[in-house]
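Subject: Structure handover

Hello,

Here is the structure we discussed. Please open it alongside this note.

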Amino acid sequence: MSETASPPPRFALRAVPLLVTGLMMAVVTLGAGAAAELTIRRLHLPSPQDSLLTQLYIQHGYQLVLALILIAVLKYRFVPADYGLHAPRGKSYILPAILWGVGFATAVSALAWWLESALHLGGNSGFAITRQNVWGWAVFEGLYVGPTEEIPFRALLVTYLAATMPGQLRLGRFAMNGAGIAVALLFALAHIQTFWTAGWQAALFQQVYAFAWGVLYAYWLEKSKSIVAPVIAHNLGDGITVAFWALGVFQG
């Protein structure tokens, strides 16, 4: 008598895993921000008002370190899951990550430019295009932001939540764990500061953009069992927007 695989459980929200996930997100993001501010003051580095990029490099570095510490604690004491900190095992999803990273970022950049023009929002980045600015932002967005955001949000939060609150959501033939979608929402909310630094239309656009990317990143993590494809797509997607900015594409 052959055994048939049982279908995955239906996704259902559970208070404790969601609360722990929210607390870990706060520890990683707010803790990294506080540590970055302290470092800037102690080392007498330029303030975020004078050099936002300096603050972002330091904050994201602390964010990565805190996430790795939490992963180690969870893996060896509480939730011994596979957190994806290795090369893909099986299908890598690297090619889809590259194609989506290029195609989606280009399409969204063009749409954002069209909306700014149609609504007369004035999409000035506020940063002068100098060699130092271009290289600083290119390295940050094209190399640094991928691992320093994907390891905290996908490797840590999605893996923990999928292990403690399992269940799938399905839309037609598309199915993925609900934890990835829940964390994509948290990932979008982590960019909520744009409502205070930009117009509400641009901020809302950023929320939708971040949520859509968060779902894709979580999907590739789940299917490849690795953080590699999400990191590649994240770096490409953000790096291409910097290239467009430096080259004056989709501007003015």
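Below are the findings, grouped by topic.

This is a predicted model, in which local features need pLDDT of at least 70, side-chain atom pairs count only at pLDDT 80 or more, and totals for chains, interfaces and linings use all residues. Residues are numbered from 1 along each chain as its sequence is written, and side-chain values use heavy atoms, with hydrogens and water left out.

Helix packing

Start with helix α1 (residues 15-42) and helix α4 (residues 131-164): their axes come within 10 Å and cross at roughly 165°. Helices here are DSSP runs of H or I with at least four residues, numbered from the N terminus. Axes are lines fitted to C-alpha atoms over the stretch in contact, and angles run from 0 to 180 degrees between N-to-C directions.

The crossing of α1 and α4 is right-handed (the near helix is turned clockwise from the far one by less than a right angle). On the α1 side, the contact (heavy atoms within 4.5 Å) is made by Pro17, Leu18, Val20, Thr21, Met24, Met25, Val28 and Thr29. From α4 come Pro152, Phe153, Leu156, Leu157, Tyr160, Leu161 and Thr164. By class, that contact of α1 with α4 has 12 nonpolar, 3 polar and no charged residues. Nonpolar covers Ala, Val, Leu, Ile, Met, Phe, Trp, Tyr, Cys and Pro; charged covers Asp, Glu, Lys and Arg; the others, Gly among them, are polar.

Salt bridges

The structure holds 4 salt bridges (a side-chain nitrogen of Lys or Arg within 4 Å of a carboxyl oxygen of Asp or Glu).

- Arginine 154 pairs with glutamate 150 at 2.8 Å, N to O. Both lie in helix α4, 4 residues apart, about one turn of the helix. Arginine 154 and glutamate 150 are both buried (under 20% relative accessible area; exposed is over 50%, partly exposed in between, with a 1.4 Å probe and protein chains only).
- Arginine 89 bridges to aspartate 82, with the closest N and O atoms 3.6 Å apart. Arginine 89 is exposed at 54% relative accessible area. Aspartate 82 is partly exposed at 39%.
- Lysine 223 bridges to glutamate 222, with the closest N and O atoms 3.8 Å apart. Lysine 223 is partly exposed at 29%. Glutamate 222 is buried at 16%.

Threonine 159

Which residues does threonine 159 touch, not counting those up to four places away in sequence? They are Ala81, Asp82, Tyr83, Arg154 and Leu221. Threonine 159 lies in helix α4. Its relative accessible area is 9%, so threonine 159 is buried.

Positive phi

Most residues other than glycine have a negative phi. Two residues deserve a look here. Histidine 44 has a positive phi, near 55°. Histidine 44 sits in the loop between α1 and α2 (52-78), and is exposed at 70% relative accessible area. Tyrosine 93 also has a positive phi, near 60°. Tyrosine 93 is in the loop between α2 and α3 (94-119). Tyrosine 93 is buried, at 15% relative accessibility.

Best regards

Definitions and conventions. Helix = DSSP H or I, 4+ residues; strand = E, 2+ residues; numbered from the N terminus.
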